[in-house]
Amino acid sequence: MRAVGMAAIFVAAILFGAAGAAAKVLFVSDMSPLDLTAIRSFVACSVLGPIMVLLPGRPFHVPPAARPMTVAAGVMFVVVNATFYLAIDMMNVAAAITLEYTSPFFVLVLGALFGTRRIGLRDCAIVTLSLVGCFLLTGGGGEWVRLSAGLAVGLACGFAFAVFNMIGNACKSRGIGATALTFWNFAISSLIWAAALPFLGVHRLEPTAEMVAYIGFIAVVATILPYWLLLFGLRHVDALPATVIGLLDPLAAGLMAYVLLGETLTPANMVGIALVSLSVILVTLSERQTSCAPAKPPRSPAEGVPQLEANNG
């Protein structure tokens, strides 16, 4: 199932990148990032809710002990999306999404601090390679240096996304299904944005057919599906390789932005794409070796006797 989980995260990253490029089109037409974040949550929740009603069993159920973690995931979902779209509005699409995917670095740091993952040289090398690739993908870092506000928001998004991935990892052991967690993320997000509606400009929007089409694509194809795939994948893949695979997101966003917005890719961008792709290949091979490595059998009592006698001798 590890390979299936990695494939799910791979597809999710591509769809997230497409969402970023589509969002930039809406920002060019004067929709604010926070308005889009709120509308995205409302639409996703209203679409996924009725579908879940038709599912067998108790698709909405979350064990009582896991509800605080579910709320935490929902809050981090809001932070990730708000900072994600704010960063896209402040800089080019590839640069903004690249800052979101500084998350592998934060996963490394948080994993070391909380003892959830043993950090090896291979992990550090893969994360370094991926961050260098992302640096080049943004055009050598010019956007990072010039736009300090965008830099701060993008790094905040990277940190929040790292925490979100780590929470998604932990939800499996709490008995929370990927579908239930996806829905409650949208539901909690919708409640938060509903409270914020008086301070947003949603009521002043003048919908057009193009705007509705982009919002529908972002909310359904590039939100419900990729978040479900991500949370499903995190049930089988650790947060660190998941965030490295997610670096395909800025790659896809850069290509989509080229098609939709005419944002060009320089030679440095192309080298960055190659390095990001290489880091994804390396982390995939690393995880495959981990999953295929035979577990060491426990020592039998008989094996311990000679050692005990030697110690006593």
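Start by selecting T83, which you will find in helix α3, the stretch covering residues 67–90. Keep in mind as you look around that this is a predicted model.

Now hide the surface and show the side chain of T83. Which backbone oxygens does it approach? A polar atom of this side chain sits 2.7 Å from the backbone oxygen of V79, and the side chain also reaches the backbone oxygen of V80, at 3.1 Å.

**Stop 1: helices α2 and α10.** Select residues 33–53 for α2 and residues 209–233 for α10. Two packed helices are described by the angle between their axes and the distance between those axes. Here the angle is about 65° and the axes are 9 Å apart, so α2 is roughly perpendicular to α10. The crossing of the two helices is right-handed.

To see the contact itself, show side chains on both helices. From α2, pick L36, I39, R40, V43, A44, V47 and L48; they meet I215, I218, A219, V220, A222, T223, I224 and Y227 of α10. How do the residues of this contact divide by type? Colour them and you will find 13 nonpolar, 1 polar and 1 charged.

Terms used. Residues are numbered from 1 along each chain as its sequence is written. This is a predicted model: local features need pLDDT of at least 70, side-chain atom pairs count only at pLDDT 80 or more; totals for chains, interfaces and linings use all residues. Side-chain values use heavy atoms; hydrogens and water are left out. Helices (H or I, at least four residues) and strands (E, at least two) are DSSP runs, numbered from the N terminus. A polar contact is a pair of N or O atoms within 3.5 Å; within protein, one must be able to donate a hydrogen and the other to accept it, and residues adjacent in sequence count only if both atoms are side-chain atoms. Axes are lines fitted to C-alpha atoms, for helices over the stretch in contact, and angles run from 0 to 180 degrees between N-to-C directions. Angles under 35 degrees count as roughly parallel, over 145 as roughly antiparallel, 65 to 115 as roughly perpendicular and the rest as oblique. A crossing is left-handed if the near helix is turned anticlockwise from the far one by less than a right angle, and right-handed if clockwise. Contact means heavy atoms within 4.5 Å. Ala, Val, Leu, Ile, Met, Phe, Trp, Tyr, Cys and Pro count as nonpolar, Asp, Glu, Lys and Arg as charged, and the others, Gly among them, as polar.
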